[in-house]
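Subject: Handover of a structure and notes on it

Dear colleague,

Please find the structure below, followed by an account of what was found in it.

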Amino acid sequence: MISSLGFNSAEHIEKLRQSKSGIKPCDDALLYPTPFQASIIDESRLNEMKYEIDSADSYTKLEQLHILSIKDCVSQVNIDVTSGRTLFVFSTTKGNIDLLAENYTGGINVKRAYLHEMAKVVSKYFGNPVNPVVVSNACISGVLAVNMAKDFIEADLYDNVIVTGGDLAAEFTISGFQSFKAISETHCKPYDIVRDGITIGEACSTIFLSKNPNGSTILIAGGGSSNDANHISGPSRTGDGLMMACEKAMNEAKIESSNIDFISAHGTATVYNDEMESKAFNWLGIQNVPLNSFKGYWGHTLGAAGIIEIAASAHSMQNNELYKSAGFEKIGTPEPLNVIDSYQKKKVDVVLKTASGFGGCNAATILVKG
Amino acid sequence: MSETLKIVSHSVIRNSSISVNGKMDFTSGEKDFKPFIKGAFRHYDLKYPKFFKMDNLCKLAMIGAEVVIKHSDLGNISKERIGIVLLNRASSLETDRAHQKTIDSRENYFPSPALFVYTLANIMAGEIAIKHKFQGENMSFVSSDFDAELTQNYVANLFATNKVEACLCGWVDFDEESYESVQYLVGVNKSKNTIFDNQTINEIYNAK
């Protein structure tokens, strides 16, 4: 896990336990003409860390983050990344979008703005011979990528899948969400009564999935996705699409709603997204299950969101603890939700992770501790 | 898997022509994309004003999907069980470049939500879903080349795990005025239809 909270998982978990957010005021005219709040990766730390990368300067910032994140992940397991039975999957919405800017001076060829070019450069760094897969499906990319990895392992197409997700807090993205008036004036407050929009974050996170347990007890047990078929930039007003995605994931995992211990929800902190989620979770009868949004810690990290939030959920399961939904004080959704308001120890065996995004898409995955 | 997956119908759009199931369905003397696709929109008499708000990628995807769906008997399959799995090379880069132009200069700074929303590859699936009310599985891949195997692996698994009963699939790419749409609808046990496998998909893609 790499975000404003740190460069590895341990640093993230420590901050999550202390309910410490990485979102800060940002007054960088190169990113947006007026001050705003964002979750930005520590640049001086990245400049130190990048010496771990061979020929670091021949990679973009996002490629460096991917390389560092994958290195950190695979160093913890015994796996041959150069095997033809190991697949790299990239989850990103915009990839190296910073290369398109007129004022870009980094010297990397603009063709690396093609998402598959970025994926090839990074998988080649690790000597992997397989054509990498790129999932680019708005904010549900990460959840879809993990579900796909599970499917491909179950279908015996690969033994190991390295799923990595990353996106930058680029001027491109910030200006676009600002034009939608979707960015909070303060710090995003998922599910809160005064929530007024998202906070953009940048992150890169990697999950290693394997047919062999490799010491892990966490299983991706089911997945599903759907489309609201309602609006390209606004969520469903009823929550029907998200409900269907969750039902498919639960059916595949053979999990009843009463088995779920924790919901790692999308929780962007826009008025309509959080409203939609409250309706879907009530329909599913899981409104009393403890729920959080990790966006209050590292913002909305787009293509990284599903990956970093599933990674955080896995730590929640391993440690049997629930993290506060940062930024939340008073419930402000039309239907009730059990938003986690403080750090707590609790047995966490089954997690529902959800995501929703532009294009009307929704995705869900079920994690089970076995 | 016990059931055999079939390609119910397919469409190919390139070089100002649209073919359906291997037969020419519409051709235009317009070499440029915009007048060509507008001509196709009129030819198929779509009556869908939202079309004119879309970017080029979505217009291409819409027309390609429209003709495939028109030629597919979906029977009584629930629209919640129809998926959309698309793949392309340039993601939404054509519109990304347009959005970038609106922010490159502080003196002439005009980012617009109507444009920005199209800076995602999966918006074309969203537009198709809205038009046809398909609420099933969604997936959007980016790949350097038409990758029949990736789509085949992914979609066959959606059927095997009972997540879809039909799936609109294909390659829809738009980049610097070059465009290509190859879409096909995959379903179960339509005995007279073509079998859904890598070879068939590649044949459809490579047909002149």
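Between the two chains, 46 residues of chain B are in contact with 45 residues of chain A; two residues are in contact if their C-beta atoms, placed from the backbone, lie within 7 Å. The model is a predicted one, in which local features need pLDDT of at least 70 and side-chain atom pairs count only at pLDDT 80 or more, while totals for chains, interfaces and linings use all residues. Residues are numbered from 1 along each chain as its sequence is written, and chains are lettered from A and ligands numbered from 1 in the order in which they are written.

On the side of chain B that touches chain A, at least two residues each come from helix H3 (93–101), helix H4 (113–116), helix H5 (123–132), strand S5 (138–142) and helix H6 (148–160) of chain B. Helices (H or I, at least four residues) and strands (E, at least two) are DSSP runs, numbered from the N terminus. H5(B) provides the largest share of that side, 6 residues. By type, the residues of the side of chain B that touches chain A are 20 nonpolar, 16 polar and 10 charged. Here Ala, Val, Leu, Ile, Met, Phe, Trp, Tyr, Cys and Pro count as nonpolar, Asp, Glu, Lys and Arg as charged, and the others, Gly among them, as polar.

Strand S5(B) also pairs across the two chains: strand S4 (residues 133–135) of chain A runs antiparallel to S5(B) and is joined to it by 2 bridges. Two strands pair if DSSP finds at least two bridges between them. A:Val135 has B:Phe141 as its bridge partner in S5(B). Within chain B, strand S4 (residues 82–88) pairs with S5(B) in the parallel sense over 5 bridges, and B:Leu87 stands opposite B:Phe141. Is S5(B) mostly covered or uncovered? It is mostly covered, with 5 of its 5 residues buried. A residue is buried if 20 or more other C-beta atoms lie within 10 Å of its own, exposed if 12 or fewer, and partly exposed in between, with C-beta atoms placed from the backbone. B:Asn138, B:Ser140 and B:Val142 are buried on one side of S5(B), and B:Met139 and B:Phe141 are buried on the other.

Chain A is divided into domain 1 (9–210) and domain 2 (218–369), with bounds that come from an automatic or database domain assignment. Taken over C-alpha atoms, the centres of domain 1 and domain 2 of chain A are separated by 20 Å. In chain A, 53 residues of domain 1 are in contact with 53 residues of domain 2. H5(A) gives the most to the side of domain 1 that touches domain 2, with 8 residues. The residues of that side of domain 1 divide into 24 nonpolar, 22 polar and 7 charged.

Helix H5 (residues 141–154) of chain A lies across S8, S14 and strand S15 (361–369) of chain A, at about 55° to S15(A); axes are lines fitted to C-alpha atoms, for helices over the stretch in contact, and angles run from 0 to 180 degrees between N-to-C directions. These strands belong to an open sheet of 6 strands in chain A with mixed pairing, in the order S8-S15-S14-S9-S10-S12. Its edge strands, each pairing on one side only, are S8 (218–227) and S12 (338–339) of chain A. Strand S9 (residues 262–265) and strand S14 (residues 350–357) of chain A run parallel and are joined by 3 bridges, with A:Ile263 opposite A:Leu352.

The largest nonpolar core has 189 residues, of which A:Val89 and B:Val186 touch the most other members. A nonpolar core is a set of buried Ala, Val, Leu, Ile, Met, Phe, Trp, Tyr and Cys residues joined through C-beta atoms within 7 Å. Helix H2 (residues 56–70) of chain B supplies the largest share of this core, 10 residues. Domain 1 and domain 2 of chain A both give residues to this core, so it lies between them. Not counting residues up to four places away in sequence, the residues that B:Val186 touches include B:Leu5, B:Val155 and B:Phe196.

By contrast, B:Ala207 counts as exposed because it has 11 C-beta neighbours inside 10 Å. B:Ala207 is found in the segment after helix H7 (198–206) of chain B. Leaving aside neighbours within four places in sequence, B:Ala207 is in contact with B:Val12 and B:Gly22.

Yours sincerely
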